[in-house]
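Here is a short report on packing inside a predicted model. Please look through the sequence and structure below before reading on.

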Amino acid sequence: MRPERGWPVPRNGEAFDLLVVGGGATGLCVALEAAQRGLDVVLFESHDFASGTSSRSTKLLHGGVRYLAQGQLSLVREALSERAALLKLAPHLAQPLPFVMPAYRWWQQAFYGAGLMLYDLLAGRTGMGRTRWLTREATLQALPGVQDRGLRGGVAYWDGQFDDARLAIALARTAQAAGAQLLNHVEVTDLQHTDQDIRAVSVRDRLTDRQSVMRARCVVNATGVWVDALRQRQAAGRPPPARLVSPSQGVHLVVDRSFLPGEHALLVPRTRDGRVLFVVPWLGRLILGTTDTPRPDLPREPRALSEERQFILREASAVLARPVHLSDVRSEWVGLRPLVAAPPSHGTSTGQLSREHTIVQDADGLVTVVGGKWTTCRAMALDVIEHCMRHALLPQRPTGHRDTPWLGAPSTTARTHALHAPPGMHLYGTLAPEVLACPGGERLLGLGLTEGMVRYAVRAEYACTVEDVLARRWRALFLDAREARRMAPAVADILQQEGVEDPRLADFTALCAHYLPEGL
Ligand SMILES: Cc1cc2nc3c(=O)[nH]c(=O)nc-3n(C[C@H](O)[C@H](O)[C@H](O)COP(=O)(O)OP(=O)(O)OC[C@H]3O[C@@H](n4cnc5c(N)ncnc54)[C@H](O)[C@@H]3O)c2cc1C
């Protein structure tokens with residue numbers, strides 16, 4: 001049955017050391033870093049863990065080949081080292097992925113091959129394999145389904161891939177095991193000063209409408225593209241602080257693996273309009289993406305522009321033997337990048353904005369962290385905690401067990417299933433026996449999800465709604481929106497049996513229409 005959701009209580013009965021606002025990759029890593037140092041931590045997420053940008057990434061753990069081209073070498077080096085760390089911490093959810101970049105012009109192999117060798121060099125001992133030049137035949141073998149007309153050869157290199165939303169849950173549970181208290185579906189509505197050292201934070205449970213006030217010595221704003229909204233809320237009555245975020249939208253389309261049935265991902269390093277296109281096998285399907293479009297409004301469920309869809313379909317069709325049509329799309333998802341805003345002189349293009357993160361402390365002590373990427377979330381968290389200690393917002397504590405594997409991680413020597421295979425029990429790693437102990441393991445609901453897995457999502461993985469289960473505990477909505485809608489009533493039924501009063505079935509059914517370009 002569903003665990004009771006009471007309000008968290010600080011260990012000393014008065015105030016938490018740290019209150020984190022936002023349960024995406026950044027906030028969850030901050031909570032983990034603090035909890036591993038023995039600090040008393042609470043985290044509030046207004047919707048579901050990773051329901052913002054952190055479930056809508058391209059699912060790559062990477063140094064960023066495109067940032068190499070922009071000359072951001074320190075960013076690439078840091079990300080490559082963090083890539084290696086995440087592959088070790090959660091090998092059931094983060095794995096090496098071989099890429100091939102097909103070359104259609106004589107200079108491409110030499111030019112991009114040299115760049116990728118620099119990528120290897122920056123990875124140093126954390127590299128997963130050497131960059132290699134491939135003949136035309138070897139390229140066709142690695143990329144069955146690639147356009148062979150005009151193909152000269154290719155360059156093979158390594159990066160990482162992951163299941164972003166499931167990794168977020170593993171992160172949340174690891175933080176909880178380290179002593180943090182985390183609540184999803186609870187929004188921070190207001191921040192106030194009580195006296196010099198303590199901040200009072202108003203919170204509202206969005207599922208029950210219950211409200212409360214939490215007290216903490218230090219508050220970290222890790223709300224992604226929404227950081228400015230929270231800063232403005234707490235600055236009520238004073239001039240609004242300068243904007244920190246310049247959001248940019250990225251669209252992904254999901255199609256069948258039959259378009260590229262091999263085990264390699266494909267990179268187009270320069271599309272006809274100078275962007276990058278990834279074609280990535282993931283959980284039994286193929287992800288095509290992405291775009292980079294400035295998006296100053298901040299919708300929870302952004303929609304793709306039709307020119308973004310056309311761009312992806314056109315570029316994918318140019319590099320694949322079989323053209324991809326809108327009717328082939330099984331799901332479409334859109335994420336907002338929390339890019340650090342440029343000085344006013346920079347102009348409006350977000351493609352060139354830095355992917356590095358920034359930490360800002362406002363006059364009343366609110367610490368905001370923004371930018372970076374999933375791959376670098378641990379490095380960001382480390383910087384945040386060190387910043388807070390340096391400014392006496394947190395007591396000094398040495399680093400904790402940063403290398404301790406995350407919950408569910410099998411020993412790295414164990415054989416792990418590839419993340420490009422359809423979803424299954426392997427995604428739970430060492431926790432699979434707990435899942436199998438839940439009733440209904442033999443009843444398949446669709447896309448590898450069983451009744452037992454839904455029960456486990458409620459009992460152990462903080463799932464409260466049909467959307468939590470079908471969008472993030474299991475990636476049904478991201479793999480096939482029609483199939484997810486078909487599965488929803490059965491999931492709602494199981495949630496109710498597990499004690500969830502209102503699993504919000506109608507909301508999820510409406511949401512499914514957003515994940516198909518042509519509606520349902
Ligand atoms: C299209 C795209 C592709 C990407 N691909 C990759 C990739 O392949 N690899 C990679 O490493 N990175 C990638 N990224 C970047 C990465 O996804 C983001 O940098 C990262 O997810 C940001 O995490 P975050 O925690 O800062 O923000 P979010 O995940 O958005 O988390 C912020 C959270 O705060 C919550 N919140 C907001 N207001 C409140 C409030 N008042 N109270 C409580 N909670 C609140 C929100 O609900 C949200 O869950 C990609 C990003 C995009 C958009």
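Strand β14 is covered on both faces. Arg285, Ile287 and Gly289 are buried on one side. Leu286 and Leu288 are buried on the other. The strand spans residues 285-289, and five of its five residues are buried, so the rest of the structure largely encloses it.

Two strands pair with β14. One is β11, residues 248-256, which runs antiparallel to β14 over five bridges. Here Val254 has Ile287 of β14 as its bridge partner. The other is β13, again antiparallel to β14 and again over five bridges. In β14, Leu286 stands opposite Pro281. β13 and β14 form a hairpin with two residues between the strands. Leu283 in this hairpin takes a positive phi near 45°.

## Nonpolar cores

Which residues touch the most other members of the largest nonpolar core? They are Leu18, Leu449 and Leu477, in a core of 113 residues.

Leu18 has contacts well beyond its sequence neighbours. With residues up to four places away left out, Leu18 touches Val30, Ala34, Asp40, Val41 and Val42, among others. Its contacts also include Ala216, Cys218, Val220, Ile385 and Leu394. There is a second, separate core of 28 residues. Among its members are Ala304, Ala316, Leu320 and Val334.

## Aromatic pairs

The model holds 13 aromatic pairs. One of them joins Phe99 and Phe278 in an edge-to-face arrangement. Their centres are 6.1 Å apart, with 75° between the planes. This pair links distant parts of the chain: Phe99 lies in strand β4 (residues 94-103) and Phe278 in strand β13 (residues 277-282). The two residues are 179 residues apart. Buried means under 20% relative accessible area. Phe99 has 1%, so Phe99 is buried. Phe278 has 10%, so Phe278 is buried too.

Trp333 and Phe478 form a tilted pair, 5.0 Å centre to centre and 55° between the planes. This pair also links distant parts of the chain. Trp333 belongs to strand β16 (residues 331-337), Phe478 to helix α13 (residues 476-479), and 145 residues separate them. Trp333 is at 0% relative accessibility and therefore counts as buried. Phe478 is buried at 1%. Ring pairs also build a cluster, made up of Phe99, Tyr119, Tyr157 and Phe278.

## Charges over rings

The charged end of Arg475 sits over the ring of Phe478, 4.4 Å from its centre. Phe478 is also the ring that pairs with Trp333.

The second case is Arg166 and Tyr428. Here the charged end of Arg166 sits over the Tyr428 ring, 4.5 Å from its centre.

## A buried aspartate

Asp164: buried or exposed? Its relative accessibility is 0%, so Asp164 counts as buried. Asp164 lies in helix α6, which covers residues 164-177. What does its side chain contact? The side chain of Asp164 makes a polar contact of 2.7 Å with the side chain of Lys59.

With neighbours within four places in sequence set aside, Asp164 is in contact with Ser54, Ser55, Arg56, Ser57 and Lys59, among others. Its contacts also include Trp374 and Arg475. Arg475 is the residue whose charged end sits over the ring of Phe478.

Note on methods
Residues numbered from 1 in each chain as written. Predicted model: local features only at pLDDT ≥ 70, side-chain atom pairs only at ≥ 80, totals over all residues. Heavy atoms only, no water. Core = buried A, V, L, I, M, F, W, Y, C linked by side-chain atoms within 4.5 Å. Buried < 20%, exposed > 50% of the residue type's maximum accessible area, 1.4 Å probe, protein only. Contact = heavy atoms within 4.5 Å. Phe/Tyr/Trp six-rings, centres within 6.5 Å; stacked < 30°, edge-to-face > 60°. Helix = DSSP H or I, 4+ residues; strand = E, 2+ residues; numbered from the N terminus. Lys NZ or Arg CZ within 6 Å of the ring centre and 35° of its normal. Pairing = 2+ DSSP bridges. Polar contact = N/O pair within 3.5 Å; in protein donor to acceptor, adjacent residues only side chain to side chain.
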